[in-house]
Amino acid sequence: MRYAVLGTGVVGRTLAATLGALGHDVVIGTRDPAATLARTDHDSYGNPPYREWQAQYPRIGLVPFADAGEFGEAAVVNATAGVTSLSALTAAAGGGGNLAGKVLIDIANPLDYSAGMPPSLNPGNTDSLGEQIQRAFPDSRVVKTLNTMNSQVMVDPARVPGDHDVFVCGDDIEAKQRVTELLRAFGWPEARIIDLGDITAARGTEMVLPLWLRLLGVIGHADYNFHIQRAV
Ligand SMILES: NC(=O)c1ccc[n+]([C@@H]2O[C@H](COP(=O)([O-])OP(=O)(O)OC[C@H]3O[C@@H](n4cnc5c(N)ncnc54)[C@H](OP(=O)(O)O)[C@@H]3O)[C@@H](O)[C@H]2O)c1
């Protein structure tokens, strides 16, 4: 199946590589492919420049956001910097219906670093990025998921021992079922996939990010995740 992943950072790369390994046709969307391929610096987390990663995955094409939005048919994955996601998705829509009717998997967090560290959430509390995206693209079927963990854990939950959970939310039941199947393919046990209901639940899953970031400092590495322990 054809997937488009919007985002050239570690999340986009990790999701694209995993989808490719599962046998899907994948492109990655970016603002300007030539500019992205010309980068030579490692990012602030030490990830290599895009072209070094690309050399290991020659079957994954790098295309402008609009071409990616058109290509993705099984789903379009939003793995862009959250405060810029609406702009990236507008480009992916291509001025037309590129995203209409499609499952739009939103992994982004609206982290605002403009006032330094730690980042704040924008929006937060009474709104969420997931809801903003669903409002901006009412014909798309937005499913928020995977945003509450590190990118390696997203596609390899066994990295973290024991039971731990992934959340999904969105307004379209069938879209959530398809995303749940994809999560199962990534290795998530059915029982560990928690459907929180409609897209307004994205407020909660985005607002755990300040806690997740704080834990990163306490634990000292990113191989951890949340587990909801229930009485029954
Ligand atoms: N890092 C993690 O493990 C992790 C875990 C959970 C959730 N997330 C969330 O996943 C998303 C991706 O994270 P990341 O660390 O992989 O990458 P990132 O650095 O947050 O985002 C990179 C992407 O954002 C795009 N972008 C940046 N500024 C833009 C602008 N002004 N207009 C349009 N697009 C713009 C970039 O486009 P170009 O390609 O053109 O540069 C690039 O594709 C974020 O929302 C993050 O909060 C990350």
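Is Arg135 buried or exposed? Arg135 counts as exposed, at 53% relative accessibility, where exposed means over 50% relative accessible area, buried under 20% and partly exposed in between, with a 1.4 Å probe and protein chains only. The model is predicted, so local features need pLDDT of at least 70 and side-chain atom pairs count only at pLDDT 80 or more, while totals for chains, interfaces and linings use all residues. Residues are numbered from 1 along each chain as its sequence is written, and side-chain values use heavy atoms, with hydrogens and water left out.

The whole structure contains 13 of them, a salt bridge being a side-chain nitrogen of Lys or Arg within 4 Å of a carboxyl oxygen of Asp or Glu. One of these joins Arg135 to Asp127, with 2.7 Å from N to O; Asp127 is buried, with a relative accessible area of 15%. Another brings together the side chains of Glu131 and Arg203, at 2.8 Å from N to O. This pair links distant parts of the chain, 72 residues apart, with Glu131 in helix H6 and Arg203 in helix H9; helices (H or I, at least four residues) and strands (E, at least two) are DSSP runs, numbered from the N terminus. Glu131 is buried at 6% relative accessibility, whereas Arg203 is partly exposed at 25%.

A further salt bridge is found between Asp172 and Arg141, whose closest N and O atoms are 3.5 Å apart. Asp172 lies in the loop between strand E9 (166-170) and helix H8 (173-186) and Arg141 in strand E8, so the pair ties together parts that are 31 residues apart in sequence. Asp172 is partly exposed, at 23% relative accessible area, and Arg141 is buried, at 17%. Through shared partners, salt bridges join Arg141, Asp172, Glu174 and Arg178 into one network.

Turning to the helices, H6 (residues 129-136) has Leu129, Gly130, Glu131, Ile133 and Gln134 buried. Their cover includes strand E4 (75-78), helix H5 (85-93), strand E5 (103-106), strand E8 (141-145) and helix H9 (202-207), where contact means heavy atoms within 4.5 Å. In H5, the buried residues are Ser85, Ala88, Leu89, Ala92 and Ala93. Viewed down the axis of H5, these residues fall within an arc of 140 degrees, so they line one face of the helix; the arc is that of the directions from the helix axis to the C-beta atoms. Strand E1 (2-6), helix H4 (65-71), E4, E5 and H6 are among the elements that cover them. After H5 comes Gly94, with a positive phi near 70 degrees.

Met117 and Pro118 are joined by a cis peptide bond with omega about -10 degrees, and Pro118 is in the loop between E6 and E7. The peptide bond from Asn122 to Pro123 is also cis, with omega near 10 degrees; Pro123 sits in the loop between E7 and H6. Asn125, found in the loop between E7 and H6, has a positive phi near 70 degrees without being a glycine, and is exposed at 55% relative accessible area. Leu146, in the loop between E8 and helix H7 (151-155), has a positive phi of about 65 degrees although it is not a glycine; Leu146 is buried at 3% relative accessibility.
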